[in-house]
Amino acid sequence: MPFPTSPVLENLFHRTAAVSLDILIIGGSIGGLSAAYNLKQAGHNVRVLERSDGELKDLEILGGMRVPPNMAKLLQYWGLGKQLAEKAVKCPRIDFLAGETGQHCSSIIYFPELMNELQADMYGMKYSDLYEMMRDLALRSGARIDYNCNVVDVNVDEASVLLEGGERIHADMVIGADGTTSLVRKVVAGEEAIEKGPYTTYSYIVPVKTMLEDPKLSSLVKDGTWTLWFGNKCCVLCYLVKSDEYVVHVIQPHDDAVPGWTHVVPLSKLNTSEFEDRVQRILALRPTAIETLHVIHSTIDGWFSKNGKVVLVGNCVHASCPSSTNGAALAVEDGAVLGSLFSRLRTRNQDEIVRLLGAYQEVRQERCQETIQADSELVAFSTLPPGPARDEREAGFRAARVQRSSDWENASEERLRNVFEEFRGAFAYEAYDAADDWWVDWGLMAQRATAVQTASRPSQEYKYYNSARSVNGMFSGKTQVVTTSNGL
């Protein structure tokens, strides 16, 4: 089935919820926008409260990001495939190099035949470009986004939030999409000390024109290939995010780093003297970078409050290493699964809402844990210090070079099978299929059980109130009256 060629502004799920919830989303970054779009498509009233002013010029400092096939496919489902192809840069391969010498160690090749099977490609992209695409999609679908809204308190009992200026806004559900230092997470999980991860990411963008002016760097920006240099407790990853812009990520430990995406530090802070000449030249192209600490959250039993009025998505519930392959993708998948499940909501009954939130966690939790673990292992693998583990890595590279072929047609069947299995776990994931599978396996059963329990009751009118409180004209305050004899 071909992907839509223009943005999907209605009927994404080919169904909508029988009742509309008033939903507040705290945080308007990538995960919050995915939740906003999907829940609006599911038939709910959605309002996003974002602390920043949302100006694209202010987002330029956030640099570049990776868009893996599992995320690219969702963008294509939403009709954003053409924009993605225009604004992002497709990655044909990743070259792994020894940091000190620049010697080629190994490569991951994104064979066209393989990517056709996955129905999407791997991309590098500017954060601001992806944000603009998703923001415009959410707005055109009917979601509301309010900027300069700093939420200072969340009341889990009544699903309301308090803004810094004193205004309190009420809803039926509050979604926390407010990142690694989330206020909403504290409501669900309680106060926690921030545990610093082993690495910090330093990111910046340089003009491709500047790279092309240096004969030793020009080959790095020719065909979209990503380059990763291994180092001692440090690695450097570079790739195109636009045809004229090149992002640099330096990953190494720093005890004084802070969370967030706005802390600018001098590159002189980094210890990168061991790296080869090309890395030194790249690092000399900018004086500063954005510093982002890897935050590790403790595992929490529930991703939502017991009363079903507050739920978490994205980095506030499963924080990834900054600039990892799947950090943004997992947040986008969260929104897709949540929207798909809540497109099946039939009543305002608390039990039904809690059941769907439980399904959301069940569908997403293992997927997120496994993917984050894999991303973390890749960082650890890329930053091995001298010793037995690094020796084993180098021996593995040498053995692989003997066996591998960069030519799809000449590669062995075993090699191709192994490559596909490596990619399938992370990149072949289908968020909507995962939600539908849960519904077929368990959701219908629960729905039928509810119908059986209520079948013997006399016919009655159930009034579902879209609360009379109106949020600046956002929520309608209408009452729906449904007459039913079987509870459906």
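1. The crossing of α3 and α10 is left-handed, meaning that the near helix is turned anticlockwise from the far one by less than a right angle. Helices here are DSSP runs of H or I with at least four residues, and strands are runs of E with at least two, numbered from the N terminus. This is a predicted model, in which local features need pLDDT of at least 70 and side-chain atom pairs count only at pLDDT 80 or more, whereas totals for chains, interfaces and linings use all residues. Residues are numbered from 1 along each chain as its sequence is written, and side-chain values use heavy atoms, with hydrogens and water left out.

2. In the contact between these helices (heavy atoms within 4.5 Å), Asn70, Met71 and Leu74 of α3 meet Ala328, Ala329, Val332, Glu333 and Ala336 of α10.

3. Helix α3 is largely enclosed by the rest of the structure, because 8 of its 9 residues are buried, that is, under 20% relative accessible area with a 1.4 Å probe and protein chains only. Among the buried residues are Pro69, Lys73 and Gln76. Just after α3, glycine 79 takes a positive phi of about 80°.

4. Elsewhere, 5 strands form an open sheet with parallel pairing, in the order β8-β2-β1-β12-β19; two strands pair if DSSP finds at least two bridges between them. Strands β8 (144–146) and β19 (310–312) stand at the edges, each with a single partner strand, so one side of each is left without a neighbour in the sheet.

5. Strand β2 (residues 45–49) pairs with β8 over 3 bridges in the parallel sense, and leucine 49 has aspartate 146 in β8 as its bridge partner.

Definitions and conventions. Buried means under 20% relative accessible area, exposed over 50%, partly exposed in between (1.4 Å probe, protein chains only).
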